[in-house]
Amino acid sequence: MSGPVDPRPEGAKALRLHRELTRIWATGPGWQRLASVNHSVIGMRMFITSFTFFLIAGVLGMLTRVQLATPHSGFLDPATYNQVFTMHGSMMLFFFAIPMVESFAVYLTPKILGTRDFAFPRLTAYGYWCYLFGASIVTASLILGVAPDGGWFMYTPLSSSVFTPGLNADIWLLGITFVEISALSLAMEITVSVLKMRAPGMSLDRMPIFGWYILITAMMMIVAFPPLILGSILLEIERAFGLPFFDPTRGGDSLLWQHLFWLFGHPDVYIIFLPMAAVLSTIIPVFARRELVGYRIIVVAIIALAFLSFGIWVHHMFTVGIPHLALAFFSAGSAIVAVPTAVQVFAWLATLSHGKPRWDVPMLYIFGFFFVFAMGGLTGVMLAMVPFDWQAHDTYFVVAHMHYVVAGALAFPMMAALYFWLPLLTGRTAVHQLSVPAFWLIFIGFNMTFFMMHLTGLLGMPRRIYTYQGDEGWNWLNLLSSVGGFVMTIGFGLLVIDLIVQLRHGRRVRRDPWQAQTFEWAMPIPPAPYAFASIPHVGPETEGVPRSELALALARGEGYLGFTRNGWQEALGVHATSGKPEQLILLPNPTYLPLVTAIVTAGVVLGFLFKAYWVSAALALVTLGLFVWGARHAGLPRDYGPLPVGRGVEVPPHTESASAPSWLSLICALVANGTLFTSLVFGTFYLWLAGADWQKMTPPEPSRMLAFGAIACLVVAVATARGSLKIVQRGGKPWGWLGLTAIALLAVISQVVQLIMGVTPDPSKHALGSTACVLLGYVVLHAGVGLLFLVSNAQRIGNGHVSQRRFNDLRLTRLWLDYTLVTGIIALGLVLSLPALVTVLGARP
């Protein structure tokens, strides 16, 4: 006879699975929390940190409103006012807006897509720590009285060493670059994870609209951020070493900075807007109680908006002397960009009108968004028209428009998202006696503050002034604007109180209070470190199933990976388009390495800031060494072949897959790198055409022998890298081939350094020489990184992490060297062509 039957076998199995997964995925207590690499922890940290900077920036904004409330105010002196308004804008854009939308993406994207984490958790953690340290360095400068004071746009020549000789501008350039590196790393992480780590069966055309928005936003960040990073690096080099890229007296041009800044700045408006549009497209169907209208049309509109946003950066520069034909082109483009935006807005309105909307706090903020964004859109169309822009460009009308579009488009959806997803974290809903008054105070205060600025701008009030005479007719408008700012501040204070009260006294709710259809509601409340006890399959068995029921099935282990194995943190990798399971992705355990690496990176920034260049260079090498050292044991030390992952499916580990996430991540990195290089080439040609006195300079005479020798050695490096890969695929050891590759790269570095030493004219005397130096330095840098790839290859071959099946390390090295060869040929060819370009200028009438 059989023994007694457990009356709850499934419950006991689910509990045992939960305990095993918690043991594997959890971060330890106390100081061990600093080692966490889990996306939920990092996402929450980013949200809290960015919200803290929002509060600081809000206080700074209120200080400017106190100063401008009345004429001849002595509340702030001119120098302090410049620091305060510069820090307000910089914090709101770089330390709040971008990190805030990234925090939503980091926390929610894996959950909505039905997976356990991102592809590179250590990179996520490193990105957060870089953001925290970079933003803290810039914020500390305000306390020390040396904060940036050249405006959040840091226009040259005001930010050059001649007009800003202290540390103020250096702090902005280095700190913002530090933060931008963080944002760029997170963008690559998000792109790879959305494409490779969705729930099996989730093809791109079945992906939740939230995933599409986040994917397009991350791709835009990869392309948009490098021009600003390049501009910041070039301006810091000019300030530190005297290489004149933006100095018109030495062959540079101040407008080059504006081009590089707005190549980032205009797409950044949509980078901030699109994640909030993802929030709206996710929440509106839930409250309308029907599917989103026009899913495919919205996807096309998002892609069109992304492309158009990169082609109209000059509409921020209509008054700088652009040719009329170019003005007409960019003006038309600025108007056309409203079309894909309107497609999304009308899709949301159609969803509401065809549904049965129910009211709750998130819907209040959604309708607040519609009003504010419509106002910003109307004034945007006005500013897209060149004649009107000429009149309003440097007035408070532009300040008002920017706040309606950027602040309004971010703040109202963000707060709707906050109230929508907080029950996922707390299991409680808002206290309506506080949340509803908070909304109305914020809504009324926001419009009172910024609508008045439209009127002061139309009456001629310039931007960036710290006081005014009082007889211009602006007095009562400025006073009302300042009062509105305080009303809005009280509203945000009440919102914070509401959130705190909700955590303790909010009404408890069931697992899926909104009856949504996305996967984040099919997990425990609050979410466990592993997110899903088993990973769902997207198909008929999950479509239309209430998320609360699906959560129980997943908790019982009825999906993929509903078991534990070898103590591994496991997730599934899928085909980028079809969503078919392809590989078993093994994720790293908690580690202090991201924190340590970010601390050393912060040391690089501080060393450069205090002119300790050798210290900065040494710490930069340590940072790169930590990346190489941290990769020494990544992956698996032996071959496993296909492994079962549940539902009768077997897939190989990612270390044995040709489409491993690391391959796609390097492609993303090279796209960002290529954008930076393209911006550098653009800058070279721009200075050739616009820089002063290039035609009067003696044409340089770079050594053709050294240049062609460097190209030949790059070709050798690429060929030997391919040879080492083939040897490994045949089961051999590629030590000789790796040695030849290293020798070739060292020869490249030696020859290009000799070219740099022979550059004429003196790089500190004219932009002709400085641009040649930077182009050659780019080649040296990438050849040096190629050597680091080889060191990593040798290290991993030695400890058994490379085999006939596991050869992705060598594929990555080959791809990097291919890129280095192509960009090296372009850079060296451009340097060799500089004499001819200068001669052409001299021949012009």
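Reply: Angles under 35 degrees count as roughly parallel, over 145 as roughly antiparallel, 65 to 115 as roughly perpendicular and the rest as oblique. This is a predicted model, in which local features need pLDDT of at least 70, side-chain atom pairs count only at pLDDT 80 or more, and totals for chains, interfaces and linings use all residues. Residues are numbered from 1 along each chain as its sequence is written, and side-chain values use heavy atoms, with hydrogens and water left out.

Me: Why are H11 and H13 called roughly antiparallel?

Reply: H11 and helix H13 (residues 396-426) pack at an angle of about 160°, with axes 8 Å apart. Because the cut-off for roughly antiparallel is over 145, H11 and H13 are given that name.

Me: What residue classes make up the contact of H7 with H11?

Reply: Phe273, Leu280, Ile283, Ile284 and Phe287 in H7 meet Pro362, Met363, Ile366, Phe369, Phe370 and Phe373 in H11, where contact means heavy atoms within 4.5 Å. These residues divide into 11 nonpolar, no polar and no charged, with Ala, Val, Leu, Ile, Met, Phe, Trp, Tyr, Cys and Pro counting as nonpolar, Asp, Glu, Lys and Arg as charged, and the others, Gly among them, as polar.

Note on methods: Helix = DSSP H or I, 4+ residues; strand = E, 2+ residues; numbered from the N terminus. Axes fitted to C-alpha atoms, helices over the stretch in contact; angles between N-to-C directions.
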